[in-house]
Amino acid sequence: MAFDYEKYLRMERMPHMWCPGCGIGIVVKAMLRAIEKMGWSQDDVAVVSGIGCTSRTPGYLDFNTLHTTHGRALAFATGLKLARPDKHVIVISGDGDAAAIGGNHFLHACRRNIDITLIVVNNYIYGMTGGQASPTTPFGMRASTAPYGAVDPAMDICQVAIAAGATYVARGTVAQGLLLERYILNGLKHKGFSVIEAMSDCPVQYGRRNRMSSAVEMIQWIRDHGVPVTRAKELPPEELEGKFVTGELHVAERPEYTEEYRRLIEKAQKAAEGAHG
Amino acid sequence: MAKEVRLWEGNHLVAEAAILAGCRFFAGYPITPSSEIAEYMAVRLPQVGGTFIQMEDEIASMGAIIGASLAGVKSMTATSGPGFSLKQENLGYACMAEIPVVVVDVMRGGPSTGLPTHPSQMDVMQARWGTHGDHWIIALAPAFIHEIFWATVRAFNLSEKLRIPVILLLDEILAHMHEGFRLPDSSEIEIVDRAKPTVPPDRYFPYDESQGDVPPLAAFFSGYRFNITGLNHDKSGFPTTNPEIIQRDMERQRRKIERHLDEILWWDEHELEGAELAVIAYGSIGRSAHAAVDRARALGIRAGLFRPITLWPFPEKRVAALAEQVRTILVPEMNMGQLVLEVERVAAGRCDVVPLGKVGGIPIDPPEILEAIKARV
């Protein structure tokens, strides 16, 4: 039987505002299939976002949904998760939202290893505001604020996440929806901060400026530039120039923040009792 | 266990009062002169099963308390000048989304890094208009240790009752001053919790005008699945660009304040009967003004004190009546003239309004205010 996406969609909010050919839909579908596999009640799930095309996702989904300020989704989500550690908090962000204006929150959510799943839809561009360069726009590629090609080197979101302490880090692409679903599912299962980067297309704002004006061309470009992690290990660095590595890049175990805080509460309460007794 | 009178530091008492008012989540970032609030919360909140978190910055602290409040947990943050500037973005979010939170701003000299360890009253206008866009907000400025306690409790109660952020404006003097105070028993404290929806989830709308000016706010994860956004929204909480819906929603938000002025407005009066000169002062300068008025009366000068504790919304009606009554209103404040602008607006030429602004990080003492009074009568 076909997967029942409508169970999780607010159909009365349709049509959505994304452009034809946009990859966000592929990511959202992978995410919904993963949530279904977790068997969670919709009442127990919150989806939090910042600002941008990707951040419009929560409004279309039938969960507890929170559309916050630009870059700040992880800060709001941290409060939400700490208030209800027993519930499930998913953050969905774009590359500008997560890596530029929200960069500090991103680093520290990784460091705390709080049990939140972050999905970053990386389409290399600020789509909603008109195709400005983002921290992930590849060097030399064009954007409305990089008319001669980007001079800023691009940021590798997964490498930053690993360095900052995230304990599950994976990168998938919208060319491979089923793999993406598996990574998101493993991220949801993982106890700790998980980051799933989904390399996605934006034919309207990015592709159009970089000789890939159709979604097909862009998704082909993504497919051609992804190197599975197992193969990447065998390649010399120069062969990986301009490419990105896909797969489960990092899985580690480290104390999870809300569990550590629960232990802290026990300790503080014991100490207070001792002081009174 | 009967509680005893003990010495309380202003910052510590804010924190203890918040806990007694039901606060169970605090997110903060170190900044002078408010850090003792965070330090006290770090000790006390886990003892009562609550959560303290030191966030990566001021912006994140403000975001985190909104998130926690949406899960139904009363939440607070504390900061000072530069940090208060950073919080304005998400403070506006709390206004727009109507999420109850309490924000303490311990005023220090500014702008910018200014005078980190010295008092000022320079954030009065920022408290009202710091975030962009039209919005309504409540700001309380207590002057005594006991008043800090009750203002903190009231800040939580008003924010819960009206679904609005409440700013608690202290200054560095009050924050670090010690005075005797007996913590009330919980039976002596009235606690207000936000209204919960009574309708079933499929008929719940977080901004439903038919439920009153302050529609009930369901907690996340409570079985009511709804959307919250910082965009202008319709009654269901989904984005809208419909001008009529936006106009109606903004007017409802204004009514939340206008129809509850009796509960929000709070002030103290001293020797105003028969006064021909009124001093309007608040926070720690309200104490100097009180002493100056007593000395003026002893000299036979008919001076009185109006000391607003609620600065926003401004107590317009009472100040307008005072402007009718007196020849002069003197407004001493530790800035170059902020609340005096509001006094001038309300007095509207009915009496002389004289600013007495002083900056540089030292308080305005009673003799200075007395001299200004004498010069005007």
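Start with the overall size of chain A. Its radius of gyration (taken over C-alpha atoms) is 19 Å, which agrees with the value near 19 Å that a compact globule of 277 residues would have. The globule rule is 2.2 Å times the number of residues to the power 0.38. Along its principal axes, the C-alpha trace of chain A spans about 75 × 45 × 35 Å.

This is a predicted model: local features need pLDDT of at least 70, side-chain atom pairs count only at pLDDT 80 or more, and totals for chains, interfaces and linings use all residues. Residues are numbered from 1 along each chain as its sequence is written, while chains are lettered from A and ligands numbered from 1 in the order in which they are written.

Helices (H or I, at least four residues) and strands (E, at least two) are DSSP runs, numbered from the N terminus.

Two strands pair if DSSP finds at least two bridges between them.

Strand 9 of chain A runs parallel to strand 10 (residues 244–251) of chain A, and three bridges join them. A:Gly226 has A:Phe244 as its bridge partner there.

Strand 2 of chain A pairs in the parallel sense with strand 10 of chain B over three bridges. Pick A:His67: its bridge partner in strand 10 of chain B is B:Thr229.

**Show helix 2 (residues 73–83) and helix 4 (residues 103–112) of chain A.** They pack at an angle of about 40 degrees, with their axes 8 Å apart. Axes are lines fitted to C-alpha atoms, for helices over the stretch in contact, and angles run from 0 to 180 degrees between N-to-C directions. Helix 2 of chain A brings A:Leu74, A:Ala75 and A:Thr78 to the contact, and helix 4 of chain A brings A:His105, A:Phe106 and A:Ala109. Contact here is C-beta atoms, placed from the backbone, within 7 Å. By class, this contact has four nonpolar, two polar and no charged residues. Ala, Val, Leu, Ile, Met, Phe, Trp, Tyr, Cys and Pro count as nonpolar, Asp, Glu, Lys and Arg as charged, and the others, Gly among them, as polar.

**Centre on A:Ile119.** Leaving aside neighbours within four places in sequence, A:Ile119 is in contact with A:Val27, A:Met31, A:Ile90, A:Ile92, A:Ile184, A:Ile196 and A:Ala198. Among contacts in chain A between residues at least 6 apart in sequence, 65% join residues at least 24 apart.

**Turn to the side of chain B that touches chain A.** The contact takes 34 residues from chain B and 35 residues from chain A. Which element of chain B gives the most to this side? Helix 3 of chain B does, with nine residues. By class, the chain B side has 20 nonpolar, ten polar and four charged residues.

Key: Two residues are in contact if their C-beta atoms, placed from the backbone, lie within 7 Å.
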